[in-house]
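Subject: Structure handover

Hello,

Here is the structure I promised to pass on. Please open it first, then read my notes below.

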Amino acid sequence: MWDYTDKVLELFYDPKNQGAIEETGESGVKVATGEIGSIACGDALRLHLKVEVESDKILDARFQTFGCTSAIASSSALTEMIKGLTLDEALKVSNKDIADYLGGLPEAKMHCSVMGQEALEAAIYNYRGIPLVTHDDDDEGALICSCFGISESKIRRVILENNLTDAEQVTNYVKAGGGCGSCLANIDDIIRSVQQESAVPALNNYAVKVATDIATSKQQSQLSLTNVQKIALIQKVLDEEVRPVLIADGGDVELYDVEGDRVKVLLQGACGSCSSSTATLKIAIEARLQDRVSKNLVVEAV
């Protein structure tokens, strides 16, 4: 049996704002509807918004849901959260916000909060006359899971917004891979791709920090070091200043050899397969060693 919070059970047994909103022709008010899911897939949500045209404020929100305890509770929570918000404010509501409002959801039921977020977007886009992007609209939105009709762009989005790290989590959030399972390998590839893309900004931020440190640090006189002293200092800088940053991004570096001013290193983990490995060598490692040990050092990967 699922371990539901008191808030989830409260909104399941006594849901708020259940039902439809009919267009009455009231002046200055419009009704928008967004629909996500299908009964064939087990969950379906139709969200209705009553919007004040002049202010874009959501005056009322109601839902019709076919689904489980989490689906009903998530839909009810969403309507409570967005009443009184403008459409732009409502668009900032994430599936995590919905889950947090409920005090959490079982991970296998997180797709219910995602469904609420998507129904909200669909309603607002319909109101504004903006077509929803589907997997047929561009190459990046190619269909990945044919069992549940889940596109690559949707999988990428849920990975990024929720920091997902494995295919099982993706299935819990959007059901992709939960049918025949033939797309699980593709989902793993997408996860790796997203992780590599996310590591580049972190590396760039570190590069800026290194450049700033070099530019602002006082010029220190380079002492004449023996080869043993040089190797020991290089190892110290790598261990204390370089490796912690690379490890935080899933990579690592190991000192392989030192030949005069040539420093040979082994890039490991994410750094070994990253397309930005040259930047890692020159910006994250070589510049730091030149500043801390000797300006003549050149770093090479082996």
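Contact here means heavy atoms within 4.5 Å. In that sense, isoleucine 187 touches Ile144, Ile155, Ala167, Val170, Ala176 and Gly177, leaving out residues up to four places away in sequence.

Some ground rules. This is a predicted model, in which local features need pLDDT of at least 70 and side-chain atom pairs count only at pLDDT 80 or more, while totals for chains, interfaces and linings use all residues. Residues are numbered from 1 along each chain as its sequence is written, and side-chain values use heavy atoms, with hydrogens and water left out.

Overall picture

The protein chain has 11 helices and eight strands. Both are DSSP runs numbered from the N terminus: helices are H or I with at least four residues, strands are E with at least two. Of the 302 residues, 41% count as buried. Buried means under 20% relative accessible area, exposed means over 50%, and partly exposed lies in between (1.4 Å probe, protein chains only). The accessible surface of the chain is about 15,600 Å², and 50% of that belongs to carbon and sulfur atoms. These areas come from the Shrake-Rupley method with a 1.4 Å probe; for residues, only the protein chains shown count as cover. Take the contacts between residues at least 6 apart in sequence: 59% of them join residues at least 24 apart.

The cores

A nonpolar core is a set of buried Ala, Val, Leu, Ile, Met, Phe, Trp, Tyr and Cys residues joined through side-chain atoms within 4.5 Å. The largest one has 54 residues. Leu49, Ile82, Leu120, Ile155, Ile159, Val170 and Ile187 have the most contacts inside it. Helix H5 (residues 110-128) gives the most to this core, with 10 residues. Apart from it lies another core, of 18 residues, including Leu238, Leu281, Ala284 and Val299. In soluble globular proteins, nonpolar side chains tend to be buried together.

Is glutamate 118 buried or exposed? It is buried, with a relative accessible area of 15%. Beyond residues up to four places away in sequence, glutamate 118 touches Ile36 and Lys154.

Helices H6 and H7

The axes of helix H6 (residues 152-162) and helix H7 (residues 167-174) come within 10 Å and cross at roughly 105°. Therefore H6 is roughly perpendicular to H7. Axes are lines fitted to C-alpha atoms, for helices over the stretch in contact, and angles run from 0 to 180 degrees between N-to-C directions. Angles under 35 degrees count as roughly parallel, over 145 as roughly antiparallel, 65 to 115 as roughly perpendicular and the rest as oblique. Lys154, Ile155, Val158, Ile159 and Asn162 in H6 meet Val170, Tyr173 and Val174 in H7.

Asparagine 163 lies in the loop between these two helices. Its phi is positive, about 55°, although it is not a glycine. At 62% relative accessibility, asparagine 163 counts as exposed. Lysine 175 lies in the loop between H7 and helix H8 (184-216). Its phi is also positive, near 75°.

Strands

Two strands pair if DSSP finds at least two bridges between them. Strand E2 (residues 43-52) and strand E3 (residues 57-66) pair in the antiparallel sense over nine bridges. They form a hairpin with four residues between them. Aspartate 56 in the turn has a positive phi of about 65°. Leucine 47 stands opposite phenylalanine 63 in E3. E2 is mostly covered: seven of its 10 residues are buried.

Further along, three strands form an open sheet in the order E6-E7-E8, with mixed pairing. Strand E6 (251-259) and strand E8 (298-301) are the edge strands; each pairs on one side only. The twist averages 35° from one strand to the next. E6 and strand E7 (residues 262-269) pair in the antiparallel sense over eight bridges. There, valine 253 stands opposite leucine 267 in E7. Helix H9 (residues 227-248) lies across E6 and E7, running at about 165° to E6.

One last residue

Lysine 83 is found in the loop between helix H2 (69-82) and helix H3 (87-91). It is partly exposed, with a relative accessible area of 32%. Lysine 83 and valine 51 are 32 residues apart in sequence, and 9.7 Å apart in space, C-alpha to C-alpha.

Best wishes
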